[in-house]
Amino acid sequence: MRFMLKKLISLTLLLILVPVLLVTTVMPALTGLFVRPPVVQALQQAQALNIDVTRVRSGWFSSDIHFNATSSIFSDDGQSPVQQSAILHLNHGPILWHLYDSPFALADFQLLPAPDHEQSHFSGSGLLVLSTQGDLSFDAIAGFTAFAGDHWLETSARWPAAKALQGWRPVLPELQLSLAIDADATALLQSPAADALRVYQQQGWAHVANGRARSTIVLQDEHLDINGTVMPLGLFLESQ
């Protein structure tokens, strides 16, 4: 009887430990394989910032994507291209889930300035989550210095995980996205972006007050809402 009890306890522990070990050791690496490629691709496609991915460290529990961004917006006068170096650090795997109010956190993102590169402001953080309904959600906030002013972006997005493997166009009909922009209007009005800001302000796409320019952009049901002005998303995709 005692032997059978010990055997039952051993079997129970085995059934508990094997899934735990699988989740905490194997899944983070598999999650990294899933998350890294689209992140690197998204960085490389940011043409406005001329991003060059210089190195990718692919770890078991975390990864680092080193890149340079070159643009005139990083200069004080907005005329001369300036290079900014940064590191996108990813902690990946369901080992994160207990830290957040989420059933399955795929990855935690940290945007950090490169240690050997001086810059006043270039940082951000985000969280990618897989819900019990099979949707991916991404929430992030980022700040950076451009045209000698400090600017902030905050975004929240949700889309079906299954369709994400098919590319971005199949995702669009079900993509829900919100983006809040809080920019230094004083700096922008003294830069080459001044005319664009005035046009956006006239169209209602930017609200300027107390030295800040703010916009709220919402994408849902293939319609784009910019500060209350709604238009079909297709208007922006026809040329592509």
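Author: What follows looks at strand β11 and the strands that pair with it. This is a predicted model, where local features need pLDDT of at least 70, side-chain atom pairs count only at pLDDT 80 or more, and totals for chains, interfaces and linings use all residues. Residues are numbered from 1 along each chain as its sequence is written, and side-chain values use heavy atoms, with hydrogens and water left out.

Strand β11 spans residues 223-226. Strands here are DSSP runs of E, at least two residues, and helices are runs of H or I, at least four, numbered from the N terminus. Leu224 and Ile226 form the covered face of β11. His223 and Asp225 form the uncovered one. In a regular strand, side chains alternate between the two faces of the sheet.

Take β10 next, residues 212-220. It pairs with β11 in the antiparallel sense over four bridges. Pairing requires at least two DSSP bridges between two strands. Gln220 has His223 as its bridge partner. Two residues separate the strands in this hairpin, and Asp221 takes a positive phi near 55°.

On to β12, residues 229-232. Strands β11 and β12 also pair in the antiparallel sense, over four bridges.

Finally, Ile226 and Gln203 are 9.8 Å apart, C-alpha to C-alpha, and 23 residues apart in sequence. Gln203 lies in helix α4, residues 194-203. Its relative accessibility is 42%, so Gln203 counts as partly exposed (buried is under 20%, exposed over 50%, partly exposed in between, with a 1.4 Å probe and protein chains only).
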